[in-house]
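Trainee: I would like a close look at a single part of this model. Please start with the charged pair and then take me through the surroundings.

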Amino acid sequence: MTNTTLNDGLARIVQECVPGCQVTLAHIIASPDKVLYQKLGLDPKIDYEKAAIGITTVTPSETAIIMADIAMKASGINLGFVDRFSGSLIFTGSVSEVQAGMEAILDYVG
């Protein structure tokens, strides 16, 4: 990512995707608020105090499908959303399940 300041003081950010596999985002939200689950359209029948949400974005975008498969096989996560066009993946489960899934994903793409 390139950040350049223009003459008018505004910043211009140019994002580029590189060939190969690039993880743009890999984040775990532990004990998220119930409203976040509802706004994301995730399963509302979860014990929110023990739950977590894993979020990843990757290029090439089709890799999100492989990452979803790896996370599901590595732990007991629930698949919330996978988009083969944008490379976004959202999954839920207990904090330990989401952590195990995220570690398996990062081991694979690493």
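Mentor: Start with Asp 69, which forms a salt bridge with Lys 73; their closest N and O atoms are 3.1 Å apart. Keep in mind that this is a predicted model. The count of salt bridges comes to one. Both partners, Asp 69 and Lys 73, sit in helix α2. They are four residues apart, about one turn of the helix. Side chains of opposite charge can pair when their charged atoms come close. Now check the exposure of each partner. Asp 69 has a relative accessible area of 35%, so it is partly exposed, falling between the 20% and 50% limits. Lys 73 has 67% relative accessibility, so it counts as exposed, being over 50%.

The largest nonpolar core has 13 residues. Those that touch the most other members are Met 67, Ile 77, Leu 89, Phe 91, Val 98 and Ile 105. At least two residues of this core come from each of β4 (51-59), α2 (63-74), β6 (88-94) and α3 (95-109). Nonpolar side chains tend to be buried together in soluble globular proteins. Take Ile 77 as one example. Leaving aside residues up to four places away in sequence, Ile 77 touches Ala 71, Met 72, Phe 91, Thr 92, Glu 97 and Val 98. Another core, of five residues, lies apart from the largest one. Among its members are Tyr 37, Ala 51, Ile 53 and Ile 90.

Next, helix α3. It has 15 residues and reaches 21 Å from its first C-alpha to its last, close to the 21 Å expected at 1.5 Å a residue. Val 98, Gly 101, Met 102, Ala 104, Ile 105 and Val 109 are buried in α3. Seen down the helix axis, the buried residues of α3 fall within an arc of 160 degrees, so they line one face of the helix. Ser 96 and Asp 107 are exposed on the other side of α3. The buried residues of α3 pack against β3, β4, α2 and β6.

Finish with the strands. β4 is mostly covered, with seven of its nine residues buried. Strand β3 (residues 22-30) pairs with β4 in the antiparallel sense, over eight bridges. There, Ile 29 has Ile 53 of β4 as its bridge partner. β4 also pairs with β6 in the antiparallel sense, over seven bridges. Here the bridge partner of Thr 57 is Ser 88 in β6.

Technical notes: Residues are numbered from 1 along each chain as its sequence is written. This is a predicted model: local features need pLDDT of at least 70, side-chain atom pairs count only at pLDDT 80 or more; totals for chains, interfaces and linings use all residues. Side-chain values use heavy atoms; hydrogens and water are left out. A nonpolar core is a set of buried Ala, Val, Leu, Ile, Met, Phe, Trp, Tyr and Cys residues joined through side-chain atoms within 4.5 Å. Buried means under 20% relative accessible area, exposed over 50%, partly exposed in between (1.4 Å probe, protein chains only). Contact means heavy atoms within 4.5 Å. Two strands pair if DSSP finds at least two bridges between them. A salt bridge is a side-chain nitrogen of Lys or Arg within 4 Å of a carboxyl oxygen of Asp or Glu. The expected span of a helix is 1.5 Å times one less than its number of residues. The arc is that of the directions from the helix axis to the C-beta atoms.
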